[in-house]
Amino acid sequence: MNQTDARYMALALSLGRRGQGRTWPNPAVGCVIVRDGRIVGRGATAPGGRPHAETIALAQAGQAARGATAYVTLEPCAHHGQTPPCAAALAEAGIARVVAPMADSDPRVAGQGFAMLRAAGVSVTTGVLVDEAGRDHAGFFLRTEQGRPFVTLKLATSFDGRIATATGHSQWITGPQARRAVHAMRAQHDAVMIGGGTARADDPSLTVRDLGVEHQPVRIVVSRLLDLPLISQLAKSARDVPLWLVHGPDADSALREAWEGIGATLLPCALAGRQLDLAAVLQALGAQGITRVFCEGGGAIASSLLAADLVDELVGFTAGLAIGAEGLPAIGAMGLATLDEAQRFDLVETRALGGDVLHRWCRR
């Protein structure tokens with residue numbers, strides 16, 4: 001691999017990551033324009049998905065874009081939406097070469113951006129930092145190819161895998177550095193999701209705090225019956241921070257009306273037996289444009305997601321204390337008879353955070 005291409009693509013990827021959690025339903029793309037060894041333009045997809053990274057970088061480069069190389073972390077778009085195609089804009093600006101890791105999986109693009117560039121005489125190089133770009137755009141690819149978002153399951157536990165004592169006391173198992181890292185992870189996702197049991201037990205706000213971040217992810221509570229307290233942190237802030245409640249067809253109509261009346265968005269979903277069908281839940285979220293979901297439990301929704309093979313990444317924060325068998329387990333019953341039935345994940349990161357250990361695992 002050309003090391004110069006790899007270096008500039010790594011920079012473009014770092015720019016794109018800054019938009020994660022803020023650009024949905026569009027991918028968080030980065031773009032770097034280089035001419036004669038000098039960076040003349042940089043861009044990242046703006047909040048809300050517009051303008052695109054290429055548009056921002058071209059505006060910054062101006063006339064210096066002519067004869068330059070554009071490093072873009074995903075195939076430039078080829079369709080007319082709210083703005084003209086980025087592939088056409090790059091060609092019209094006089095870009096001589098475009099370097100990208102891979103094609104866009106959106107059927108409206110899917111190689112047509114590259115074809116448009118080549119037809120205009122622009123040289124196209126692909127295959128640069130494919131694995132890194134694939135991880136960054138995994139949520140966008142899953143939504144366009146399978147209709148569902150990328151799911152990260154986060155668990156903060158004691159050494160023996162408990163999330164609370166037998167009495168339900170859980171604040172705080174992990175320390176301030178781990179909790180700060182969780183807030184940063186929330187900010188990088190389109191949505192934060194919990195089950196109804198956690199909403200009732202913990203009265204969480206699910207917002208990003210103490211990081212100077214103005215943007216907030218969508219807060220999602222999965223509750224078949226909508227039997228959630230109307231006097232709660234979530235209810236009080238429903239008009240200020242997006243709150244989506246996913247419920248079953250048998251949720252009480254009075255509760256539906258009450259939650260809608262205080263500003264929540266309701267998403268009805270089908271049941272699988274006596275519980276909400278989580279595959280259908282994720283499809284519903286994908287249909288709303290969500291590409292990345294940060295699930296913070298509790299044990300019932302965690303076990304259901306794992307049993308349905310819907311978890312793409314595990315993030316664990318483990319504290320140096322033991323609670324014992326009477327404590328509340330992080331993951332509910334899954335009914336596995338043998339280890340072969342359990343989904344395996346590969347360890348990709350481990351590090352100390354204050355007195356706790358962060359470990360991150362990705363699906364095989």
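These exercises work through cores, contacts and backbone features of one predicted model.

Residues are numbered from 1 along each chain as its sequence is written. Local features need pLDDT of at least 70, side-chain atom pairs count only at pLDDT 80 or more, totals for chains, interfaces and linings use all residues, and side-chain values use heavy atoms, with hydrogens and water left out.

**Exercise 1. Find the residues with the most contacts inside the largest nonpolar core, and the elements that supply it.**

Step 1. A nonpolar core is a set of buried Ala, Val, Leu, Ile, Met, Phe, Trp, Tyr and Cys residues joined through side-chain atoms within 4.5 Å. Buried means under 20% relative accessible area, exposed over 50%, partly exposed in between (1.4 Å probe, protein chains only). Helices (H or I, at least four residues) and strands (E, at least two) are DSSP runs, numbered from the N terminus.

Step 2. Take the core. The largest one has 39 residues, and Met9, Ile33, Ile95 and Leu117 have the most contacts inside it.

Step 3. Assign elements. Those that each supply at least two residues include α1 (3–17), β1 (30–35), α3 (86–92) and α6 (138–146). The largest share, 6 residues, comes from α1.

Step 4. Look for another core. A second, separate one has 30 residues, among them Cys269 and Cys295.

**Exercise 2. List what Ile95 is in contact with, leaving aside neighbours within four places in sequence.**

Step 1. Contact means heavy atoms within 4.5 Å.

Step 2. Apply the cut-off. Ile95 meets Ile33, Leu58, Ala65, Ala68, Ala70, Leu90 and Val122.

Step 3. In soluble globular proteins, nonpolar side chains tend to be buried together.

**Exercise 3. Which side chains make polar contacts with that of Arg97?**

Step 1. Locate the residue. Arg97 lies in strand β4.

Step 2. Define the pair. A polar contact joins N or O atoms within 3.5 Å; within protein, one must be able to donate a hydrogen and the other to accept it, and residues adjacent in sequence count only if both atoms are side-chain atoms.

Step 3. Read off the partners. Asp5 pairs with Arg97 at 2.6 Å. Thr125 pairs with Arg97 at 3.3 Å.

Step 4. Arg97 and Ser123 are 26 residues apart in sequence, yet their C-alpha atoms are 4.5 Å apart.

**Exercise 4. Is Ser205 buried or exposed, and what does Ser205 touch?**

Step 1. Ser205 sits in the loop between α8 (196–202) and β9 (218–222).

Step 2. Ser205 counts as buried because its relative accessible area is 17%.

Step 3. Beyond four places in sequence, Ser205 touches Arg219, Gln233 and Leu234. Its side chain also makes a polar contact with that of Thr207, at 3.2 Å.

**Exercise 5. Describe the backbone at Leu129, Leu206, Pro25 and Pro51.**

Step 1. Leu129 has a positive phi of about 55° although it is not a glycine. Leu129 lies in the loop between β5 (123–126) and α5, and counts as buried because its relative accessibility is 12%.

Step 2. Leu206 is likewise not a glycine, with a positive phi of about 60°. The loop between α8 and β9 holds Leu206. At 3% relative accessible area, Leu206 is buried.

Step 3. Trp24 and Pro25 are joined by a cis peptide bond, with omega about 10°. Pro25 is in the loop between α1 and β1.

Step 4. Arg50 and Pro51 are also joined by a cis peptide bond, with omega about -10°. Pro51 is in the loop between β2 (38–44) and α2.
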